[in-house]
Amino acid sequence: MSTPQITLNDGRSIPQIGTGTWPLTETEVPSVVATAIEVGYRHIDTAAAYGNERGVGVGIRRSGLSRDALFVTTKIGNDHHGRKQTRQALEESLRRLGDDHVDLALIHWPMPQVGKYVETWETLIDLQQEGKAGSIGVSNFRPEHLDRIIRSTGVTPAVNQIEVNPVVAHRELRKATRARGIAIESWSPLGPSTNLLQDDTVGAIATRLGKTPAQVILRWHVEHGLIVIPKSASAERLRQNFEIFGFTLEADDNAALDGLDRGTPAFYSAQLAGDQN
Ligand SMILES: NC(=O)c1ccc[n+]([C@@H]2O[C@H](COP(=O)([O-])OP(=O)(O)OC[C@H]3O[C@@H](n4cnc5c(N)ncnc54)[C@H](OP(=O)(O)O)[C@@H]3O)[C@@H](O)[C@H]2O)c1
């Protein structure tokens with residue numbers, strides 16, 4: 001089954017659903033990645049900080065699928081901000097993945113307290129020009145961080161990967177990200193830190209449509225134009241999460257799910273503002 005693609009502001013495209021890989025270990029991740037590819041996923045999300053890039057590379061090769069058919073994302077870790085460090089971080093990620101490029105390289109967190117995210121962004125621009133990253137973007141950036149790198153370099157990130165789900169909806173950040181022409185990727189799309197999967201509103205919609213709660217939530221993301229990267233270690237749930245393109249939610253369903261928004265949890269607000277390490 002082919003998945004819809006989202007066109008990025010650099011003209012490239014990204015499959016709207018990918019498989020998350022955190023917190024899978026080097027030993028767990030190869031079979032999960034190979035199974036995900038067998039199910040039909042063509043987009044894999046990893047990061048240096050997950051400590052599993054080597055295993056992601058093993059899983060990709062084990063799948064037997066041509067690398068060209070896949071979209072692989074990795075992220076520059078918080079301890080690698082700065083010119084030399086960012087270059088070294090991406091080169092080390094590529095070595096671990098066993099690859100000569102990724103399709104998307106992201107700055108994992110802005111780390112304003114370190115104060116080097118502009119240099120980090122400038123280095124990603126260079127690395128993209130050298131062909132080591134197809135597209136480049138950021139993660140967990142607030143509007144002021146986005147504006148600073150855009151103003152400093154004239155280059156707008158293709159993606160901002162942020163926590164989004166109906167309970168932690170980040171409406172304002174989504175609006176601000178979109179207004180700058182940046183695609184949004186939802187991390188924790190199923191809201192694992194909330195009780196979203198057990199929520200009665202989600203359950204009632206799922207029962208009416210003959211779908212699972214996870215499918216209803218992932219469909220909400222798709223209908224909001226978001227890119228989703230749910231993680232599952234289970235083959236059955238990988239399959240279930242992938243089967244979200246053959247049905248639609250009604251306007252009332254989307255409105256009810258939108259109504260679950262509880263605002264941004266204090267922890268993330270602080271992280272995004274750079275108030276914490
Ligand atoms: N950029 C960032 O700062 C950042 C931060 C966090 C995460 N991420 C990325 O985003 C990905 C997804 O986020 P996440 O892993 O936090 O959250 P998630 O994918 O929304 O939720 C994962 C949890 O949901 C369970 N699950 C998955 N499918 C299910 C289903 N159909 N029914 C019931 N339970 C299901 C999983 O358990 P099982 O494995 O047992 O199925 C796991 O406990 C990560 O893997 C990572 O790649 C990025």
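Two strands are taken to pair if DSSP finds at least two bridges between them. Helices (H or I, at least four residues) and strands (E, at least two) are DSSP runs, numbered from the N terminus. The structure described here is a predicted model, in which local features need pLDDT of at least 70, side-chain atom pairs count only at pLDDT 80 or more, and totals for chains, interfaces and linings use all residues. Residues are numbered from 1 along each chain as its sequence is written, and side-chain values use heavy atoms, with hydrogens and water left out.

**The sheet**

An open sheet is formed by eight strands in the order β3-β4-β5-β6-β7-β8-β9-β10, and the pairing is parallel. Because β3 (19–20) and β10 (227–228) stand at the edges with a single partner strand each, one side of each is left without a neighbour in the sheet. Two bridges join β3 to β4 in the parallel sense, and Thr19 stands opposite Ile44 in β4.

Strand β7 (residues 133–139) is mostly covered, seven of its seven residues being buried; buried means under 20% relative accessible area, exposed over 50%, and partly exposed in between (1.4 Å probe, protein chains only). Strand β6 (residues 102–107) runs parallel to β7 and is joined to it by five bridges, with Leu106 opposite Gly137 in β7. β7 also pairs with strand β8 (residues 159–163), again in the parallel sense, over two bridges. Here the bridge partner of Val138 is Asn160 in β8.

Helix α4 (residues 117–129) makes a right-handed β-α-β unit with β6 and β7, and helix α5 (residues 143–153) makes a right-handed β-α-β unit with β7 and β8. A crossover is right-handed if, with the strands pointing away from the viewer, the path from the first strand over the helix to the second runs clockwise.

**The ligand**

The ligand is surrounded by 27 residues, the closest being Ser188, Leu190, Lys231, Ser232 and Arg237; a residue is near a molecule if one of its heavy atoms lies within 4 Å of it. Polar contacts (pairs of N or O atoms within 3.5 Å) include those in the table.

| Residue | Polar atom of the residue | Ligand atom | Distance |
|---|---|---|---|
| Thr21 | backbone | oxygen | 3.2 Å |
| His108 | side chain | oxygen | 3.3 Å |
| Ser139 | side chain | nitrogen | 2.9 Å |

Taken alone, the ligand exposes 910 Å², and the protein buries 83% of that. These accessible areas come from the Shrake-Rupley method with a 1.4 Å probe.

**Aromatic pairs**

Rings of Phe, Tyr and Trp (its six-membered ring) pair if their centres lie within 6.5 Å; planes under 30 degrees apart count as stacked, over 60 as edge-to-face and the rest as tilted. By this rule there are two aromatic pairs. The rings of Tyr41 and Phe242 have centres 4.8 Å apart and planes at 45°, so this pair is tilted. The pair links distant parts of the chain, 201 residues apart: Tyr41 is in the loop between α1 (29–39) and β4 (43–45), and Phe242 in helix α9 (residues 235–242). Tyr41 is buried, with a relative accessible area of 1%, and Phe242 is buried at 2%.

Tyr117 and Phe141 form an edge-to-face pair, with 5.6 Å centre to centre and 80° between the planes. This pair also links distant parts of the chain, 24 residues apart, with Tyr117 in helix α4 and Phe141 in the loop between β7 and α5. Tyr117 is buried with a relative accessible area of 4%, and Phe141 is buried at 0%.

Notes
Polar contact = N/O pair within 3.5 Å; in protein donor to acceptor, adjacent residues only side chain to side chain.
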